[in-house]
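Here are my notes on this model, point by point. Please read them with the structure open.

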Amino acid sequence: MTHMMLFQPARLQRCQCCTIKWQVVAPHKHSSGTTVHRRAVVTAAMTPQEELRKLETDRINLRSEAEAPFRPLRLVLYGFSVASAGVAFLISIPQLIGATAGAPGALQTDAVLQNIGINLGAVALFAWLFSQDWKAREKQMARLAREEALAALTLQLGNGKRVRLGDLQGASRPVIVAGTQQQVSDALAAAEPYKEQLQR
């Protein structure tokens, strides 16, 4: 028996799992009346702002890894240590029950309690180390994000040329003065005697 295929125009729907993928839904019908949907995932091009944000995030991650190259490895080791000590602690619980109940072949209660104490101490220690390292990472990422935001600022040079603050890296040492108009004017006046030294 020959089946006839009746095609309908495809519909474009945003994918629920991400923000840059779309699903092309192309329904078609058999002569029996059954409707089948065929889906294909199409990647949409990112907007310039999304590309800029992605580049900034990648740059921050690279700088973070350059400043603390062993931090990811430490976090993984701390996490595995917490998991390992936690599993050992869970295993010690039935051992303690067997020791207190006087089960044949059970370990001594003192030995089981010692193992529990060691495992709990290991969990607490490595969890604390993980927490401290993670907090340090969060502070570092916040600092790098502020530095990237400052580097993206546009300023006007004395010759009227506009450049990004980050473009002056390695060529000049800019000084940022923030405050009211009077405070900025006073700061510039106070720095005037050092102008020649700063321009060298």
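1. A salt bridge here is a side-chain nitrogen of Lys or Arg within 4 Å of a carboxyl oxygen of Asp or Glu. The model is a predicted one. By this rule the count comes to ten salt bridges.

2. Take the pair Glu148 and Arg59. The two residues form a salt bridge, and their closest N and O atoms are 3.0 Å apart. Glu148 sits in helix H3 and Arg59 in helix H1 (residues 48-67), so the bridge ties together parts that are 89 residues apart in sequence.

3. How do H1 and H3 pack? Their angle is about 130°, and their axes are 10 Å apart. H1 and H3 are therefore oblique to each other. The crossing of H1 and H3 is right-handed.

4. Next, the packing of H2 on H3. Helix H2 covers residues 71-101 and helix H3 covers residues 109-151. These two helices pack at about 155°, with 8 Å between their axes. Angles over 145 degrees count as roughly antiparallel, so H2 is roughly antiparallel to H3. The H2 and H3 crossing is left-handed.

5. What is the make-up of the contact of H2 with H3, in nonpolar, polar and charged residues? There are 20 nonpolar residues, ten polar ones and four charged ones.

6. Now the surface. Which residues make the nonpolar surface patch of about 330 Å²? Phe70, Leu73 and Leu77 do. Of these, Leu73 belongs to helix H2, the helix that packs against H3.

Technical notes
Residues are numbered from 1 along each chain as its sequence is written. This is a predicted model: local features need pLDDT of at least 70, side-chain atom pairs count only at pLDDT 80 or more; totals for chains, interfaces and linings use all residues. Side-chain values use heavy atoms; hydrogens and water are left out. Axes are lines fitted to C-alpha atoms, for helices over the stretch in contact, and angles run from 0 to 180 degrees between N-to-C directions. Helices (H or I, at least four residues) and strands (E, at least two) are DSSP runs, numbered from the N terminus. Angles under 35 degrees count as roughly parallel, over 145 as roughly antiparallel, 65 to 115 as roughly perpendicular and the rest as oblique. A crossing is left-handed if the near helix is turned anticlockwise from the far one by less than a right angle, and right-handed if clockwise. Ala, Val, Leu, Ile, Met, Phe, Trp, Tyr, Cys and Pro count as nonpolar, Asp, Glu, Lys and Arg as charged, and the others, Gly among them, as polar. Patches are made of residues with over 30% relative accessible area and no salt bridge: like charges are joined within 9 Å, nonpolar side chains (Val, Leu, Ile, Met, Phe, Trp, Tyr) within 5 Å. Accessible areas come from the Shrake-Rupley method with a 1.4 Å probe; for residues, only the protein chains shown count as cover.
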